[in-house]
Amino acid sequence: MATELTVLPTQNLEAFKGVKKLTVEEYFTSGHRTCQGCESALVMKLMAKAAGPRTVILGSTGCMYVANTTYYSTSWVVPWMHTQLGSSGSAAVGTAAGLKVLMRKNRIKQEPINVIAFCGDGGGADMGLSSISAALTYPEYNFLILMYDNESYANTDIQLSSMTPYGANTTFSPPGKARRILHKRWKKNVAGMLAAGHPECRYVATVDASYALEMMNRIRKALTIGGPTFIHSLDPCPKGWDYDPIQSHDLGELAVETGVWPLFEIEDGVLKFYGKSKGIAQGRKRKPVREYLLRQGRFAHFTDEDIEYFQKKIDLMWDRWLIPGAVCIEMGDDIRKQLARAEQEVAAAEA
Amino acid sequence: MTGSIEVVYRGIFQKTLGQRITRGIVLAAVKEGKVGISFGRYGDSPERNGIPAKSFAVVADNEEDLQTYLSRYEPTDNDVTVAVDDTLCKGVESWAWYGLQPINKLTQPGGVVLTTSMQSPEELLEDCHRKDTEWSLAVLKGIASFSGLWVYKDDHTDVRVLGAIARLAPHVVKLESVEAAIQDEWQDELKVTSARKAYERVETRKVGPDEGNPEKPYEFQLPKWWEMKEGLVIPGIPVKQDVEGWEGGYRPGRNPTFKKFATRTMRPVIDFEICTKCTLCWLQCPDSCFDVTPTGHYDANMEACCGCGVCEAVCPVEKCVTMVNEAAFGDNASQFEMYEKDTDTYKSWLKGKIEDKVTTDRYHGFQLRGKYEEEVQEIIREVTK
């Protein structure tokens, strides 16, 4: 006999209806030691703003740990705790479970408290993937894991991560005379992978801080829906991507407009594209990736041939993947035929 | 005898430049039979774009003197302090430093602060803090180098500074050895010419204890680890600051131990008259630097602004937000207060700041691909003439 889970209620965080309706308070404020134009700092700010005051935040090692909480100096307004590089998942489960127990034992007031654990692409996609995966199988705890992906180990001066895009210049993959492209791997699609493998996880989304309102509303959704949730954010990084800090916002938009970064959300197993990606998924023209790549110094060594290859890979994702950005699988001929047959049968039955 | 040089530079943007200068000093000293070492400051690592960082070169007559000198955290009595960006004359608030360190703080009495600048020494002295002893300010004419980290866009600033150092501190390195080291390292006669021209052209001005910016640099004491709470817990930042007469406005709490005065190379100036209060600058600012005024305007707070320029990029109104060279400002006062107090004065102030391109124009050197490389050709023609 199945025993019923006790799941605590979540805060009812309604979607913001527009930029003029936003709350004015900041829960991650100024005075952090990030780079000029740091998009990840913006992600922290918007995440904290969307979550509100009754929130506990856990951060694994990375820029957003080191830069924001140097010795006795912090920008956090809400409680924040550091956790080790690969343990954002376990820290999230542990904190949510701890709060639940404390409330059950009446040690603290019974109230819904948001638990958010964030990690960088190194802490999340490389080191912490197994702990995040484990965390997403616990339906009885409410928490959000947010991965801010700036596509390298930017904190320690740009080492390659599994999220670094093809061909990018990093300290591990400098272009040289003998070999122009040292990094030939294609980045993982973490959000899709986690959504596909964790049936108890009710909400997974990709976000982009250049679209602040949409991003904050996805955070609110993730915190309201209950259970473990995951959000993957792409953050342009002026240090690692080597561009003028003034372009952070534009690059975030270009990543979406060129189709490099598809925005989607998967709610209770149903996927939908949103924002500019919605139009792209319906066939609207994408901007050429050239515009996106050539603005960044990390691709300064790219030749036309390299850009063409990059474009082809993006085209392939939108044209052939089962779900662009999420599931890099095509249906085999057998399944295709089967589906066609099933459709015919339905049509015949209706007729 | 030992000699030490510190190079203060903009993190990441000028990291390679800083290393090339201190390395060059050591290579030149070796030509004279001396020994030396070039190193970055551990506390500045990992570097952040624009946040001031330091690189040092120490040279000595023999190994023993060098070792003796190096048994300290960092060189504190530098013969020459080099600021490869003149806005650093406002002070250094680095990763490791809490508070604002005057640019000449680690310059020894009688030592020199050398900066690359288009400003006059008098203008620069408005920024440099006062020092108890006499010191000198040397200016090497040129814009702040944005030669970059990844792809080094050689604008000859490295060798020009080396040439100038040979003039200012011949007991550390002489011009002949600098020239020989450059030739060895880069096999480029043009770079040697640049160094020699800089040696001839660098201008020095003596500065007395009564000259310079009289402002007391902001500083504070941090608690020792045994004074912290159990578990090394520290208090969070209050969510709001109460400002008198700001009913309806909102000024967020701000980290009192890290302000961004010295991180900025540019700052936004705002035309409140044409502002449509669209919220975008406030919303998209990674540093939460905008205060919401009682009238619903957004006032960039200079305590928190690091000068990234995202506000200018997102503003939908033309010329409402303009990024202006930080060198053009003498204080960190609120623009909105100035606007409220006297709109006409503010408007003419604003106009002056935006239109005076000579002193106010500035960018990070690579807004467009290849633009700095093009400019570099012009710069090199100029400095080797």
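Modeller: Two strands count as paired when DSSP finds at least two bridges between them. With that in hand, we may read the sheet of chain A in this predicted model.

Colleague: In what order do the strands of the open sheet in chain A lie, and what is their pairing?

Modeller: In general, strands of a sheet pair through backbone hydrogen bonds, either parallel or antiparallel. Here chain A has an open sheet of eight strands in the order 2-1-3-4-6-5-7-8, and the pairing is mixed.

Colleague: Which are the edge strands?

Modeller: Strand 2 (80–83) and strand 8 (270–273) of chain A are the edge strands, each pairing on one side only. On average, neighbouring strands of this sheet are turned by 20° against each other, with direction ignored.

Colleague: How many bridges join strand 1 of chain A to strand 2 of chain A?

Modeller: Strand 1 (residues 55–60) and strand 2 of chain A run parallel and are joined by four bridges. One residue to look for is A:Ile57, whose bridge partner in strand 2 of chain A is A:Trp80. Helix 3 (residues 88–104) of chain A packs on this sheet, where it touches strand 1, strand 2, strand 3 (114–120) and strand 4 (143–149) of chain A. The direction of helix 3 makes about 170° with that of strand 3 of chain A.

Colleague: Let us turn to helix packing. At what angle do helix 4 and helix 5 of chain B pack?

Modeller: Helix 4 (residues 157–168) and helix 5 (residues 175–186) of chain B pack at about 160°, and their axes are 8 Å apart. An angle over 145 degrees counts as roughly antiparallel, so helix 4 of chain B is roughly antiparallel to helix 5 of chain B. Their crossing is right-handed.

Colleague: Which residues make the contact between helix 4 and helix 5 of chain B?

Modeller: Helix 4 of chain B contributes B:Val159, B:Leu162, B:Gly163 and B:Ala166, while helix 5 of chain B contributes B:Leu175, B:Val178 and B:Ile182. By class, the residues of this contact are six nonpolar, one polar and no charged.

Colleague: How does helix 1 of chain B pack with helix 5 of chain B: roughly parallel or roughly perpendicular?

Modeller: Helix 1 (residues 15–31) of chain B meets helix 5 of chain B at about 115°, with the axes 8 Å apart. That angle makes the two helices roughly perpendicular, and their crossing is right-handed. From helix 1 of chain B come B:Gly24, B:Leu27, B:Ala28 and B:Lys31; they meet B:Ser177, B:Val178, B:Ala180, B:Ala181 and B:Glu185 of helix 5 of chain B. The residues of this contact divide into five nonpolar, two polar and two charged.

Colleague: Where are the domains of chain B?

Modeller: Domain 1 of chain B covers 2–219, and domain 2 of chain B covers 226–256 + 266–360. Taken over C-alpha atoms, their centres are separated by 32 Å. Five residues from domain 1 of chain B and four residues from domain 2 of chain B form the contact. On the side of domain 1 that touches domain 2 of chain B, no residues are nonpolar, three are polar and two are charged.

Colleague: How many residues does the contact take from chain A and from chain B?

Modeller: The contact takes 50 residues from chain A and 47 residues from chain B. On the side of chain A, the elements that give two or more residues are helix 1 (39–51), helix 8 (238–241) and helix 9 (248–257) of chain A. Helix 1 of chain A gives the largest share, four residues. That side of chain A has 22 nonpolar, 16 polar and 12 charged residues.

Terms used: Residues are numbered from 1 along each chain as its sequence is written. Chains are lettered from A and ligands numbered from 1 in the order in which they are written. This is a predicted model: local features need pLDDT of at least 70, side-chain atom pairs count only at pLDDT 80 or more; totals for chains, interfaces and linings use all residues. Two residues are in contact if their C-beta atoms, placed from the backbone, lie within 7 Å. Ala, Val, Leu, Ile, Met, Phe, Trp, Tyr, Cys and Pro count as nonpolar, Asp, Glu, Lys and Arg as charged, and the others, Gly among them, as polar. Domain bounds come from an automatic or database domain assignment. Axes are lines fitted to C-alpha atoms, for helices over the stretch in contact, and angles run from 0 to 180 degrees between N-to-C directions. Angles under 35 degrees count as roughly parallel, over 145 as roughly antiparallel, 65 to 115 as roughly perpendicular and the rest as oblique. A crossing is left-handed if the near helix is turned anticlockwise from the far one by less than a right angle, and right-handed if clockwise.
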